[in-house]
Every structure is written in C-alpha cells, then in structure tokens.
Amino acid sequence: MSQEVSVNPATAVLWDPSHSEHDMITTRTLGFWLYLLSDAMIVSSLFASYLVLDHRINTAGGPGPRDVIHPVTAFWGTVLLFSAILAYGAAMVGLKRGDRRIVLAGLGGALLLGGGFLLVEGRDFAQLALQGMVPERSGYLSAFYALVLYHGAHLVFGLLWIVVMMVQVVHIGLTPHVVYRLLNLKLFWFFQGFIWIYVFSFVYLAGAVHGH
Amino acid sequence: MVTKGRDAWQHPQVQLARGGQYVGAYIVSLLLTGGPLWLVVRHGGTPWRLMIIIVACAAALTLVQAYFWPRLDLSRTQRWMTAALVLFIPLVVMTVGLTAWMFATLYARTMIPVLLHAPAFGY
C-alpha cells in the first residue's frame, strides 16, 4: 500500500533548485514567450479565415482588395513600426549598460514611432469607413478588418505598456522586477514586427498582386 | 545567472542586446519589404513570380528578425525560447494549411454555375 506524503507548498524545495536556468527573470520571460506564441495561434486562425474569405464571392458585390488595399501606405507604416522596434532595441542597449537615460530615450522613441504607425493605420481605415467600406459590408471586409486591426490593437496595448514601464524606470529604477518586465515588453514589441511581416506580405502585397 | 540586488541588467538576456545587429536587421528588414513592394507596384513579373518573391522575402525576414532582434539561437540562454518557436511553426502551418485544404474546392462544390470554374482562392 502506498503511503500518502504531505508537502507544504510554502516550504517545498524544487527538484533541482540550483539549476542555472531556474532564475526569476528567465522563468518569467519564458512563460511570457509561451503566452505570446498562444496569442500568435489566434493570429494564425485569423490568417486562415482571411485566406478563405479573400474570394470574389465573399465581397458580396462590394469592394475587394483593389479598393481596400494600399500597399504603399502600408509600407510607410512598416517603416514606422520597424523604427519603433529599433528604438526599443536602443532601450535594450541602454539597459545593458545600466543607463536609465538611454532606456527612457529608447522607450520614448518607441512610443512616438509606434504612435506614428497607429496614426497611419488609423487614417487608412478611417478613409475606408468614410467610403462605406465597413466590416459589416462583406465577409471579405470583416476578415480584413479583424486581421489588420487585431495587430493594431496589440500596438495600442504595447504603447500603454511602454508608458507604464517609463514610469517604473523613473520611480523604481532597474530592479530585477522592472528588468524582467522590460524584457517581456521587448518580446511583445519585437513580436509585433513578426506578425506585421505576414500582414504586410500576405494581405497588402499579395492582395495587390491578386487585386490587379 | 544574476537576478538579485541592483545589478539585474547583468542578466544574460539583457546582455544579448547588440546595437549594431539591431541596426543591421532594421536595414535588411526595410530592404526585404521595400524590394517586393517596388516589384508589385511596378508589376515586375507574373503573379506567380511575384508571389514566390513575396513568400521568399517573408521567410528571409522571419529568419533575420528572429535572430537579430529577440536573438533566438541555440545558446544556453535562449534555447528553450527557440525550441518553443520551432515547435510552434508546425501548428501554424497546420492551422492555415488545413483550413486552406478544407475550403479549396468549396466553391466548385456549391454548384453555383458562375463559381464552378472559379479559382480556389483569390480573384
């Protein structure tokens, strides 16, 4: 008969607590990375939906890619987004040196450039809406709005997170908790570049190829 | 690994930052998005040829950004993140690929005359 063993979670010692990768920062960044990959599965399903609905029958006689997609405008957004990521990279270089001023300058640059991306995207979508090209118009437009604006919503959240981190860097300093949050935000911010590669390539560029 | 005290920025994941590599990745990323855009806008090839270029540039961009920005490699610091990403890729391919496969002949099977000979995707 097996003997029941009681373990107190408050005092329990992990199997290998001395293992070199079991530190707080690495554990939390890996956990957040896995969360980002699960988020990317939602993006995958949105891409799959867009692929299916990107067909002339799903435009319901309304606007298609030729009317909706502006790849040159999207490229200027791409420049701003990649610049925002580069600015965050500068913040990481500042963090590496333990220099709060460079960290804040990099975060500020990422904030401005990311905001610029949202302005370009927002202006493009506002023009579509003013011309009656709204999500309710057709299945194609629903898929287009959902996919592109899902990415845009991430950028909005990222900008809010940057503001919070700027406040924490100023008032708390580069403590372990602030550092792991900056690293998680780095993963989040860089990941938006990843997602945008596919939005730009397979929605804007491929849409322009098929639409003309 | 250092996680305590006032020197948390000495953590290996922080020390991965490389300004020169970030700038290099930035320039290459703009070239790999601007190049296909230029070809598409100028109608520089058949649709199939343009799509191959777009896919190839997207794949190259993925590798460039994965390595030079979040620095995903096989180092002791990053290998589990890299492993998670590698294991994630088949899930994406299956999600998008199986959906495309399921719907590839949908419109031909609807028996709507004008759609019987429509392409599986696109226009």
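## Interface between chains A and B

The contact between the two chains draws 65 residues from chain A and 63 residues from chain B. Together, chain A and chain B bury about 5700 Å². Carbon and sulfur atoms account for 74% of that buried area.

## Largest pocket

The largest pocket has a volume of about 1100 Å³, and its lining comprises 33 residues. Nearest the centre of this pocket lie A:Phe47, A:Tyr198 and A:Phe202 from chain A, together with B:Val92 and B:Val96 from chain B. In chain A, the elements that give two or more residues to the lining are helix H1 (24-53) and H6; in chain B, they are helix H3 (47-68) and helix H4 (79-103).

Of these elements, H4(B) gives the most to the pocket lining, with ten residues. By class, the lining of the largest pocket holds 25 nonpolar and seven polar residues, along with one charged residue.

## Enclosed cavities

How many cavities of 30 Å³ or more does the model contain? The count comes to three. The largest cavity has a volume of about 70 Å³. Residues lining the largest cavity are A:Thr73, A:Ala74 and A:Gly77, then A:Phe117, A:Val120, A:Glu121 and A:Asp124, and finally A:Trp196 and A:Tyr204.

Helix H3 (71-97), helix H4 (100-130) and helix H6 (176-211) of chain A each give two or more residues to this lining. H4(A) gives the most, with four residues. The lining of the largest cavity divides into five nonpolar, two polar and two charged residues.

## Confidence in chain B

The mean pLDDT of chain B is 88, and 85% of the residues score at least 70. Within chain B, confidence is highest in helix H2 (residues 19-41), at a mean of 97, and lowest in helix H5 (residues 106-109), at 76.

Over residues 1-5 of chain B, the pLDDT is below 50. Beyond near neighbours in sequence, this stretch has 15 contacts in the model. Where pLDDT is low, the predicted coordinates should not be read in detail.

Definitions and conventions
Residues numbered from 1 in each chain as written. Chains lettered and ligands numbered in written order. Predicted model: local features only at pLDDT ≥ 70, side-chain atom pairs only at ≥ 80, totals over all residues. Heavy atoms only, no water. 1 Å grid on protein atoms, 1.4 Å probe; cavity = no way out; pocket = protein on both sides within 12 Å on 5 of 7 lines; lining within 4 Å. Points joined across faces, edges and corners; volume = space filled by probe spheres on them. Nonpolar A, V, L, I, M, F, W, Y, C, P; charged D, E, K, R; others polar. pLDDT = per-residue confidence, 0-100. Contact = heavy atoms within 4.5 Å. Buried area = accessible area lost by both parts, 1.4 Å probe.
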